[in-house]
Amino acid sequence: MKNDAVTQQVLDRIEKRIEKLGTVDKPTLKVIAAPVSPDRPMIQPSGIYDLYERWAGVKRVDGGACIFTEPSDDDPDKSIDLYTELNEYGVVYYRRYLYENSGIPNFIHGINDLLEHAKTLYNACDDSVEIQVHASVNNVFKEELARNLGRSGAMPLSSPPVCYDSEVCVSTPETYASTDFDEAKHRKTILEKLTVPLLWAFNVPIKSGPIVEYVRDLIRENV
């Protein structure tokens with residue numbers, strides 16, 4: 001991810017908030033859409049809140065709004081399962097915990113959720129800007145994906161797909177106009193360009209035609 005000062009300040013503030021809200025050392029999928037070198041706000045924070053005021057769990061925060069559900073009292077580690085934040089500079093942040101034997105659909109659903117929030121935000125903005133999308137999995141050293149990649153009876157692998165990095169980060173190789181998020185073809189392209197590289201880090205042979213086609217089938221089912 002490009003180290004843009006404004007975007008990094010927003011992300012640092014989000015991460016500090018999440019750290020105070022709950023456990024941060026679980027396996028996690030994180031997806032971010034952000035303008036390239038934002039130099040001014042795209043929308044007022046009140047405008048962001050208005051987009052989500054009917055959602056359960058929406059809160060006003062510095063520069064925008066966030067959506068999450070407070071951990072229940074019987075949760076032993078008081079962790080937040082899902083956190084989303086939208087900021088006045090056009091930064092859209094999505095974080096979700098991954099669970100044992102997660103599969104490709106978990107990646108696709110999470111990335112697609114981020115893209116839907118990005119579409120909502122950018123549709124409410126007057127100006128079009130260039131956006132890059134980033135995805136990462138965190139705290140995943142020796143974590144396994146489902147051997148059948150997340151679908152019953154689908155192309156089982158000869159060995160469990162295991163990650164040997166703690167963190168894996170990928171980005172779209174090109175930028176997209178913020179107006180592109182309205183179009184399913186662009187969202188499908190972004191999903192493929194982020195999902196396939198994440199699988200590489202789990203020792204999945206992504207040059208395999210059947211595996212790539214399987215990913216595309218799942219994307220078509222969800223977008």
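**Entry 1: the fold**

I began with contacts: in the protein chain, 70% of those with a separation of 6 or more are between residues 24 or more positions apart. A reminder to myself that this is a predicted model. I then went through the secondary structure and found five helices and eight strands in the protein chain. Read along the sequence, they come in the pattern α-β-α-β-β-β-β-α-β-β-β-α-α. I also looked up burial, and buried residues make up 50% of the 223 residues in the chain.

**Entry 2: salt bridges**

My next stop was charge pairing. Side chains of opposite charge can pair when their charged atoms come close. How many salt bridges does the structure hold? I got 14.

I picked out Glu15 and Arg95, whose side chains meet in a salt bridge at 3.4 Å, N to O. This pair links distant parts of the chain, as Glu15 sits in helix H1 (residues 5-21) and Arg95 in strand E5 (residues 92-97), 80 residues apart. Is Arg95 buried or exposed? Arg95 is buried, because its relative accessible area of 8% falls under the 20% cut-off. Glu15 has a relative accessible area of 25%, so I noted Glu15 as partly exposed.

Then I turned to Arg96, which forms a salt bridge with Asp113, with 3.7 Å between the closest N and O atoms. Arg96 lies in strand E5 and Asp113 in helix H3 (residues 104-123), so this pair ties together parts 17 residues apart in sequence. I checked accessibility here too: Arg96 is partly exposed at 30%, and Asp113 counts as partly exposed at 28%.

I also wrote down Glu183 and Lys185, a salt bridge whose closest N and O atoms are 3.9 Å apart. Glu183 counts as partly exposed at 36% relative accessibility, while Lys185 is exposed with a relative accessible area of 55%.

**Entry 3: cysteines**

I looked for disulfides and the structure holds zero. Cys66 is buried, with a relative accessible area of 1%. Cys169, at 55% relative accessibility, counts as exposed.

**Entry 4: Thr69**

Where is Thr69 found? I placed Thr69 in the loop between strand E3 (64-68) and strand E4 (82-87). Thr69 counts as exposed because its relative accessibility is 60%, and the cut-off for exposed is over 50%. I also took a distance: the C-alpha atoms of Thr69 and Lys59 are separated by 10.0 Å, the two residues being 10 apart along the chain.

**Entry 5: the second largest pocket**

Last, I went looking for space. Rolling a probe the size of a water molecule over the atoms shows where empty space is left. I noted about 160 Å³ of space in the second largest pocket.

Key:
Residues numbered from 1 in each chain as written. Heavy atoms only, no water. 1 Å grid on protein atoms, 1.4 Å probe; cavity = no way out; pocket = protein on both sides within 12 Å on 5 of 7 lines; lining within 4 Å. Points joined across faces, edges and corners; volume = space filled by probe spheres on them. Salt bridge = Lys/Arg side-chain N within 4 Å of Asp/Glu carboxyl O. Helix = DSSP H or I, 4+ residues; strand = E, 2+ residues; numbered from the N terminus. Buried < 20%, exposed > 50% of the residue type's maximum accessible area, 1.4 Å probe, protein only. Disulfide = S-S within 2.5 Å. Contact = heavy atoms within 4.5 Å.
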